[in-house]
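Take a look at the protein below.

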Amino acid sequence: MGVFQRFLFTVLLIVGVVNSERSDMRFLLDNATEGHSEEYCAMYDICGARSDGKVLNCPLGTPSIKPDELLSAKIQSLCPTITGNICCTEAQFNTLRTQVQQAIPFLVGCPACLRNFLNLFCELTCSPNQSQFINVTSIAKVGNNLTVNGIDYYITDTFGEGMFESCKEVKFGTMNTRAIEFIGAGAKNFREWYAFIGRRAGLGVPGSPYAINFLPVAPESTGMKPMNVSIYSCGDTSLGCSCGDCPLSGACSSSALPSPPEKGSCSVRIGSLNAKCVEVAVAIIYIVLISVFLGWGFFHRKRKSSPVSRTKPLINVPNGGIIRRTNSQKDENIPMQMLEDVPQITNGVQLSIVQGYMSKFYRRYGTWVARNPILVLCSSVIIVLVLCLGLIRFQVETKPEKLWVGPGSRAAKEKQFFDNHLAPFYRIEQLIIATIPETVNGKAPSIVTDSNINLLFDIQKKVDAIRANYSGSMVSLTDICMKPLGKDCATQTVLQYFKMDPQNYDTFGGIDHVAYCFQHYTSADTCASAFKAPLDPSTALGGFSGNNYSEASSFIVTYPVNNEIDSEGNGTKRAEAWEKAFIQLAKEELLPLVQSKNLTLAFSSESSVEEELKRESTADAITILISYLVMFAYISLTLGDAPRFSSYYISSKVLLGLSGVLLVMLSVLGSVGFFSAIGVKSTLIIMEVIPFLVLAVGVDNMCILVHAVKRQQVELPIEGRISNALVEVGPSITLASLAEVLAFAVGSFIPMPACRVFSMFAALAVLLDFLLQVTAFVALIVFDFLRAEDNRVDCFPCIKVSGSNAELEKGSNQQKPGLLARYMKEIHAPILNIWGVKLLVICAFGAFTLASIALCSRIEPGLEQQIVLPRDSYLQGYFNNVTEYLRIGPPLYFVVKNYNYR
């Protein structure tokens, strides 16, 4: 009997506790529904939280309270309609602000829509008259506290209709689709949107932690009134939206858009040829100029052939000497004494004042160099070697944005403003897997098959397994990827329709589930990605037309990775370490795996372009070295005399040519060293172009100097020959080199960093090359000619041969000209001197010049990335695939400053 009594007592106790809990809930519900009046709350404070961290309100019907000034200012910044007393604590308001922040990026493009959307939740959370339109209908116990589990939200259809109309056309620029697809599951009217907003969200899913039932009419017996704050139209001038987000706005529909200016330029049709007006104008100018030139030529020839003009004028020389030029005889060798006395006259031509002074200078300078070759050589080389010490700080700029965009440009400033105030655009790591057409011009088959999706799972498994070593720590994709809504990476791939889990493939329905998600990716819960957001098929597929996603011929897998403003920061370095491992995996494992399935693979990372530019700069070092060796061999052959086996080992100029090439290299290194010392980074263009450019200019001047010395009379001492040679060619070399230096110096004012830095480096390199040629190289010429006159072997000047074995030519005033010199004198010059040939040459080059000017208008501006990359780079195929398959373009920024967003 005692046992029965104890059992009965236990049952009664349990029933009593249950009834007590029910009475508590009933009391709270009654308490929450009794005070439906102004300045009264239906929910106040936070009494618990779900297992996923979402907080739950307390079902307490209490009078509204007056907040402190700081909290009031915070609420006003987000909810300007809430004034005076409030029905929320600071913790509730912070929760509200955190939750609506997820929707702001979708609606920020239309301020009116965003304001309506915020008012909906501001009134729900903090309105001082909350109890007039909020009724708590369900309560749940969390821990030891009772929390809100469901409410009725009375709100007018006018507000709902107005909010939906202001938001239905708002675009989410990042995904190039309507924002309602993401925050409203593609709702077609405000009731469907309410149903989506009021749905109780599952654990870990964005949304409301309790059910919200939106009703348009409140029961009369309760005394409640639907919420109906002011609604803003998207065409409102105070909070207006763009015509793209609000096409029905009066401002957009009343005034037609101005017709865009026609791009077509003036053109003239000549038969089947459609020529631009500038081309026709240049052609007319050419015809007029040629007609005038030919008329002048015939008139001048007729006048020249008359007997009066047959006698040649005489050139008076100040010392009384007369140089005559007749048709039958030319004095090619003016006596040295005459040149020394009259430096302003060269071959019977009166020099300008500048050339006269330069000739005087070079005569004295040449004599001094010939007498002090060691001093000149050592001092000039030492100065350049000092400049080369700056190579210790040598750095190469390979970041594309710093090569082609000036730091002071508008684009750079606006991007910097955007990055500093928000965040830099995330880093992109991408794979593109595509099918191969069966025929050359045939259509590629669909890639959306069971086997290909399973292949995609295998690839994803390998990518997830990547572990990159950075400073002793292992970096994986989950450590660096962008996680916008949770702990999962925002990877853009069709595998998101299976929550990135291969075990879900058969469970969800395989390929049929993929086809279903292509059409319902914004509304179906089973199609939501692992990172809790819809996945637009156009971001993960390519090679389809319209919305026929099932016909896609390529998978596009994109891994967004967090980015930092500081390119040298720890986060950037961790990402770069992972990217190197990612590219290595793609080359060594993924590419053979994909090719074995008869598919193609293209891949890239954020740092790929930079790394490929670095690789190209180092790979071209061999090409540059070979070109210098070839040029050295060419100079060695052309600087020497006509080959004669018996004396060639003396008359050759191999050592002189090698020394000249080394001087050219020193000028390039000196230029790079100087700018490196002052902190200017080199570029790929400098490494590839300037060595060849300076080599071409340097070789030209070296040949001119050596042949000028060889043309002098051998009876003159070496000082006289060097002096006369510099007088003959020094002014020409100087003026030509200065013109080249100035031409490159003007390019240093170009705002594009790559062109500006190239011009600076090239100008200094050409200047140093010229200075070394008229100093160090002239000194080397002195040494080489002294070596030859002393019968010493080229390349081995310590070895001297006897005069009888040298078989040097004696008795001639000049050395025997080479083959090229004889060709120019005996063939080329006589032909070019023919009157008809002169006219033909001038007409041809005039036509070429004017045609080049006219066709400049057909040059299309732009710089394709493929051009600056090596031809064997894996990025060549990637950029081709991006052009063919990718539907999502680069980010578009609109930077607005000094605007009041309230």
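**A walk through the fold**

Ser604 has a relative accessibility of 8%, so Ser604 counts as buried. Buried means under 20% relative accessible area, exposed means over 50%, and partly exposed lies in between, with a 1.4 Å probe and protein chains only. This is a predicted model, in which local features need pLDDT of at least 70, side-chain atom pairs count only at pLDDT 80 or more, and totals for chains, interfaces and linings use all residues. Residues are numbered from 1 along each chain as its sequence is written, and side-chain values use heavy atoms, with hydrogens and water left out.

Where does Ser604 sit? Ser604 is part of strand 19. Helices (H or I, at least four residues) and strands (E, at least two) are DSSP runs, numbered from the N terminus. Ser604 also has contacts beyond four places away in sequence. Contact means heavy atoms within 4.5 Å. Among the residues touched by Ser604 are Ile428, Glu429 and Gln430. Others include Phe582, Ile583, Leu875 and Tyr878.

Now follow strand 14, residues 427-435. Strand 14 is mostly covered, with 8 of its 9 residues buried.

Step back to the whole protein. The secondary structure comes to 30 helices and 21 strands. The protein has 902 residues, and 41% of them are buried. Take the contacts in the protein with a separation of 6 or more: residues 24 or more positions apart account for 70% of them. The accessible surface comes to about 48900 Å², and 61% of it belongs to carbon and sulfur atoms. Accessible areas come from the Shrake-Rupley method with a 1.4 Å probe; for residues, only the protein chains shown count as cover.

Gly356 gives an example of distance in sequence against distance in space. Gly356 lies in helix 12, residues 353-371. Its relative accessible area is 3%, so Gly356 is buried. Gly356 and Val727 are 371 residues apart in sequence. In space, their C-alpha atoms are 9.4 Å apart.

Next come the disulfides. A disulfide is a pair of cysteine sulfur atoms within 2.5 Å. How many disulfides does this rule give? The count comes to 9. One of them joins Cys41 to Cys87, with 2.0 Å from S to S. The torsion about this S-S bond is about -90 degrees, so the disulfide of Cys41 and Cys87 is left-handed. Cys41 lies in the loop between helix 1 (2-34) and strand 1 (46-49), and Cys87 lies in the loop between helix 2 (69-78) and helix 3 (90-100), so the pair ties together parts that are 46 residues apart in sequence. Cys41 is buried at a relative accessible area of 1%. Cys87 is buried too, at 0%.

A disulfide also joins Cys79 to Cys122, at 1.9 Å from S to S. Its torsion is about -65 degrees, so this disulfide is left-handed. Cys79 is in the loop between helix 2 and helix 3, while Cys122 is in helix 5 (residues 111-126), 43 residues apart. Both Cys79 and Cys122 are buried. Cys481 and Cys489 form a disulfide as well, their sulfur atoms 1.9 Å apart. This link is left-handed, with -75 degrees about the S-S bond. Both Cys481 and Cys489 are buried.

Finally, turn to the aromatic rings. A pair of aromatic rings is described by the distance of the centres and the angle of the planes. Rings of Phe, Tyr and Trp (its six-membered ring) pair if their centres lie within 6.5 Å; planes under 30 degrees apart count as stacked, over 60 as edge-to-face and the rest as tilted. By this rule there are 26 aromatic pairs. One of them is Phe164 with Trp193, an edge-to-face pair at 6.4 Å centre to centre, with 65 degrees between the planes. Phe164 lies in helix 6 (residues 157-167) and Trp193 in helix 8 (residues 190-198), so the pair ties together parts that are 29 residues apart in sequence. Both Phe164 and Trp193 are buried. Elsewhere, Phe133, Tyr153, Phe190, Tyr194 and Phe214 form one aromatic cluster.
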